[in-house]
Amino acid sequence: MKLSQLDPRLHGGLHRDGEFNILGKATTAFEPQHRVLTYLTDVRYLDGLRNNPAITGVIVALELLETVSLPDSWGILVDPNPKQAFVRIHNALAETDFYWTRFPTRIDPTALISPHAVIAETGVTIGARVVIEPHVTVHSGTLIGDDCIIRSGTRLGSSGFEFLNDGEGMLSVTCAGRLILEDHVEVQHNCAIDRGMYGGDTRLRAHVKVDNLVYIAHDVTLGTRSTVAGSAVILGRCVIGSDVWVGPNATISNGLTVGDHAKVSLGSVVTRDVAPNQTVSGNFAIDHAKYLAFLKTVR
């Protein structure tokens with residue numbers, strides 16, 4: 001889609017045309033095929049945008065545009081409130097087939113679905129030999145692979161939690177992406193897993209296991225064979241590697257990366273990236289060995 005095709009009522013004006021196929025924040029992990037329209041509110045964030053090869057368009061205030069140099073390859077929209085324009089454009093496109101095309105729900109005949117489960121009539125696929133227990137809700141935009149198990153009380157593809165304070169009220173951001181569960185995923189009781197927010201995907205890769213009462217926010221990726229224990233919280237746009245252990249009651253803040261084979265100990269509050277093979281503990285979480293050494297000094 002070209003910027004010039006947008007409804008001109010959604011933004012302040014077109015400065016330079018360009019193409020995009022998704023909207024998103026620059027800190028999101030984008031797929032190679034994505035061409036991203038984002039926004040810029042402060043020159044401090046410009047280097048981050050320039051270093052993200054997926055960015056092909058930006059919404060920026062005229063005052064800032066006149067003081068910075070933007071790549072010639074970027075399309076540019078101007079608006080006095082770039083973030084507000086970004087949300088207006090996103091919410092309008094979310095009501096169309098821009099992000100993904102709606103389709104009648106498809107359920108494999110070998111799937112075992114409780115009559116007390118609620119499955120959206122459009123935008124859902126359920127693969128072979130899937131088990132869905134009573135009081136599960138599967139929202140539109142949820143794709144479930146083969147041999148998955150969804151235990152009672154869980155909600156899949158729920159709306160993400162994001163609002164914009166526009167100075168007068170709180171503008172709700174429409175949740176327009178998808179939730180993808182690859183093969184052999186199991187989600188236990190009373191969990192909530194949001195679909196992607198700006199057209200990207202929340203994705204649980206093959207053989208992921210999720211315990212009871214877990215919340216996984218929008219645009220999270222959980223790597224193959226990773227395990228999330230009871231009451232853990234993983235906030236939006238996190239990328240969790242393969243073979244990762246997230247302990248009970250752990251919280252991982254938004255936009256972080258947890259490397260392959262890492263371990264997040266029970267009750268940890270993670271506020272920065274975790275390296276592959278690292279174990280972190282504590283509030284705020286630090287390397288587990290350092291945490292144990294600290295405990296020895298206070299006991």
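**Exercise 1. How much space lies in the largest pocket, and which residues are closest to its centre?**

*Solution.* The structure is a predicted model, in which local features need pLDDT of at least 70, side-chain atom pairs count only at pLDDT 80 or more, and totals for chains, interfaces and linings use all residues. Residues are numbered from 1 along each chain as its sequence is written, and side-chain values use heavy atoms, with hydrogens and water left out.

Step 1. A pocket is an open set of points on a 1 Å grid over the protein atoms alone, where a 1.4 Å probe fits, with protein on both sides within 12 Å along at least five of seven lines; lining residues have an atom within 4 Å of a point. Grid points are joined across faces, edges and corners, and a volume is the space filled by probe spheres set on the points.

Step 2. The largest pocket holds about 430 Å³ of space. Its lining comprises 23 residues, of which A29, E31, H34, G200 and D201 are the closest to the centre.

Step 3. Helices (H or I, at least four residues) and strands (E, at least two) are DSSP runs numbered from the N terminus. The elements that give two or more residues to this lining are β2 (22-23) and β20 (201-204).

Step 4. For residue classes, Ala, Val, Leu, Ile, Met, Phe, Trp, Tyr, Cys and Pro count as nonpolar, Asp, Glu, Lys and Arg as charged, and the others, Gly among them, as polar. The lining of the largest pocket divides into seven nonpolar, eight polar and eight charged residues.

**Exercise 2. Which element gives the most to the lining of the second largest pocket?**

*Solution.* Step 1. The second largest pocket has about 190 Å³ of space. Its lining consists of K25, A26, T27, T38, Y39, L40, T41, Y45, G48 and L49.

Step 1. At least two lining residues come from each of β3 (36-40) and α1 (46-50). The most is given by β3, with three residues.

Step 2. By class, five residues of this lining are nonpolar, four polar and one charged.

**Exercise 3. What is the order of strands in the open sheet of eight strands, and which strands stand at the edges?**

*Solution.* Step 1. Two strands pair if DSSP finds at least two bridges between them. The order is β6-β9-β12-β17-β20-β23-β26-β29, with parallel pairing.

Step 1. The edges are β6 (106-107) and β29 (257-258); each has a single partner strand, so one side of each is left without a neighbour in the sheet.

Step 2. Strands β12 (residues 142-144) and β17 (residues 178-181) pair over three bridges. Here L143 stands opposite I180, and I144 stands opposite L181.

Step 3. Between β17 and β20 there are four bridges.

**Exercise 4. Is helix α3 mostly covered or exposed?**

*Solution.* Step 1. The expected span of a helix is 1.5 Å times one less than its number of residues. For the 13 residues of α3 (residues 82-94) this should be 18 Å, and the end C-alpha atoms are 18 Å apart, which agrees.

Step 1. Buried means under 20% relative accessible area, exposed over 50%, and partly exposed in between (1.4 Å probe, protein chains only). Ten of the 13 residues of α3 are buried, and the helix is thus mostly covered. Among the buried residues are F86, V87, I89 and L93.

Step 2. Contact means heavy atoms within 4.5 Å. The cover over the buried residues of α3 includes β2, β3 and β4 (55-60).
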